[in-house]
Structures are given as C-alpha cells and as structure tokens.
Amino acid sequence: MSANKTQPTDQTVEDFIAAVEHPTRRADAQVLDAMFRRVTGWAPQMWGPTLIGYGTYHYTYESGRAGDFLATGFSPRKANLVLYIMPGYTDFSDIMDRLGKHKLGKSCLYINKLADVDLSVVEELVKAGVDDLSNRWPVKGT
C-alpha cells in the first residue's frame, strides 16, 4: 500500500506563517499557532507544504491501510482558514452552534477569518477533537 501523500517536512512553521501573503490570514495564523500550542501542549510541525500539525496518531483501518497523520492542526489557505480539528467520529453540533460563521467539511472546519468566530469555542473544539481522536487511536505529542 502506498504511503500518505502528506508527510512531515523540515520547513519551519515560523517561516511558513511569515510567508503567508494576506496580512489578516497571516495574523490569524499566528493567533491559531499560539492557541494550538497552548491547548495541546505540543510543538507544531509542517505537514506537506501548507499544513501546520500538532501531535500525531497512527491508524490502521479494517482494510489494512495504515499510516500516520497529524492529530490536529490548520492551514491558512488563500480562500479561508482550514482547521483539522474534528476526527469525524463524534457529533460536535452542540459546540458548533456556539462557534459563529463557519462551514463544515467531513473533518475540516472552514473559517474566513478569526473575527467571525468565538476563539474560546475554537479552543473547546480543538480539545474535544483531540480527546475524541485519542479514544480511537494512540495520539502522541510533538
């Protein structure tokens, strides 16, 4: 079986965030980095060219496919901030209802800018997502 396309890199998170062109997106990325560090207690690591990850987990699916991936994290993309905070196993709608303006993917949260959401609710989601993930797979800090 092939390995995940998205792998850890040697690029520094600080250099990546400093290179984000849009000033609001760059400032939001700095706030998110500090928040993820505080909430998880883990150092960030770049995954591929655009994902900032905190912690890792190893999975093995029933199909036999296995791999490692970031436990939680985010990417400051041109169109929006993408937060990888919900493993997709648990319904977090009670928390999401208090978040503010957002869009939801299977395990991703899309936010235009941090000013659109309640950051304390984002913190709650990060913690809940990591806790939920660690109930299913072994999660390690970075």
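Which residues of α4 are buried? In this predicted model, the buried residues of α4 are Val-121, Val-122, Leu-125, Val-126, Ala-128, Gly-129, Val-130, Asp-132 and Leu-133. The views below begin with this helix.

**View 1. Helix α4 and its buried residues.** Helix α4 consists of 16 residues. From first C-alpha to last it spans 23 Å, close to the 22 Å expected at 1.5 Å a residue. Its buried set includes Val-122, Leu-125, Val-126 and Gly-129. An α-helix has 3.6 residues a turn, so residues three or four places apart point the same way.

**View 2. Surroundings of Leu-125.** Leu-125 is part of helix α4. Its relative accessible area is 0%, so Leu-125 counts as buried. Beyond its neighbours within four places in sequence, Leu-125 makes contact with Ile-85, Met-86, Phe-92, Ile-95, Met-96, Leu-99 and Leu-109.

**View 3. The largest nonpolar core.** This core holds 35 residues, and the members that touch the most others are Phe-36, Leu-83, Leu-109 and Leu-125. Two or more residues each are contributed by α1 (13-18), α2 (23-40), β2 (51-60), β3 (66-76), β4 (81-84), α3 (93-96), β6 (109-111) and α4 (119-134). Helix α4 supplies the largest share, 7 residues. A separate core of 6 residues lies apart from it, with Trp-47, Leu-70, Val-82 and Tyr-84 among its members.

**View 4. Helix α2 against its neighbours.** Helix α2 has 18 residues and extends 26 Å between its first and last C-alpha, close to the 26 Å expected at 1.5 Å a residue. Buried in α2 are Arg-25, Asp-28, Ala-29, Leu-32, Asp-33, Met-35, Phe-36 and Thr-40. These buried residues pack against α1, β1 (44-47), β2, β3, β4 and α4. Leaving out residues up to four places away in sequence, Phe-36 touches Gly-41, Tyr-54, Thr-72, Gly-73, Phe-74, Leu-83, Ile-85 and Val-126. Gly-41 follows α2 and has a positive phi, near 80°.

**View 5. The second largest pocket.** The space in this pocket amounts to about 190 Å³. Its lining is formed by Phe-16, Ala-19, Val-20, Glu-21, His-22, Arg-25, Thr-50, Ser-75, Pro-76, Arg-77 and Lys-78. By type, the lining residues are 4 nonpolar, 3 polar and 4 charged. Arg-25, one of the lining residues, is also one of the buried residues of α2.

**View 6. Asn-80 in the loop between β3 and β4.** Asn-80 is located in the loop that joins these two strands. Asn-80 is classed as buried because its relative accessible area, 17%, is under the 20% cut-off. Residues up to four places away in sequence aside, Asn-80 touches Arg-25, Ser-75, Tyr-110, Ile-111 and Asn-112. Among these partners, Arg-25 and Ser-75 also line the second largest pocket.

**View 7. Val-139 in strand β7.** Val-139 belongs to strand β7, residues 139-140. With a relative accessible area of 23%, Val-139 is partly exposed. Its contacts, apart from neighbours within four places in sequence, are Trp-42, Thr-56, Tyr-57, Ala-71, Leu-133 and Ser-134. One of them, Leu-133, is among the buried residues of α4. Asp-116 and Val-139 are 23 residues apart in sequence, and their C-alpha atoms are 30 Å apart in space.

Technical notes. Residues numbered from 1 in each chain as written. Predicted model: local features only at pLDDT ≥ 70, side-chain atom pairs only at ≥ 80, totals over all residues. Heavy atoms only, no water. Core = buried A, V, L, I, M, F, W, Y, C linked by side-chain atoms within 4.5 Å. Buried < 20%, exposed > 50% of the residue type's maximum accessible area, 1.4 Å probe, protein only. Helix = DSSP H or I, 4+ residues; strand = E, 2+ residues; numbered from the N terminus. Contact = heavy atoms within 4.5 Å. 1 Å grid on protein atoms, 1.4 Å probe; cavity = no way out; pocket = protein on both sides within 12 Å on 5 of 7 lines; lining within 4 Å. Points joined across faces, edges and corners; volume = space filled by probe spheres on them. Nonpolar A, V, L, I, M, F, W, Y, C, P; charged D, E, K, R; others polar. Expected span 1.5 Å × (residues − 1).
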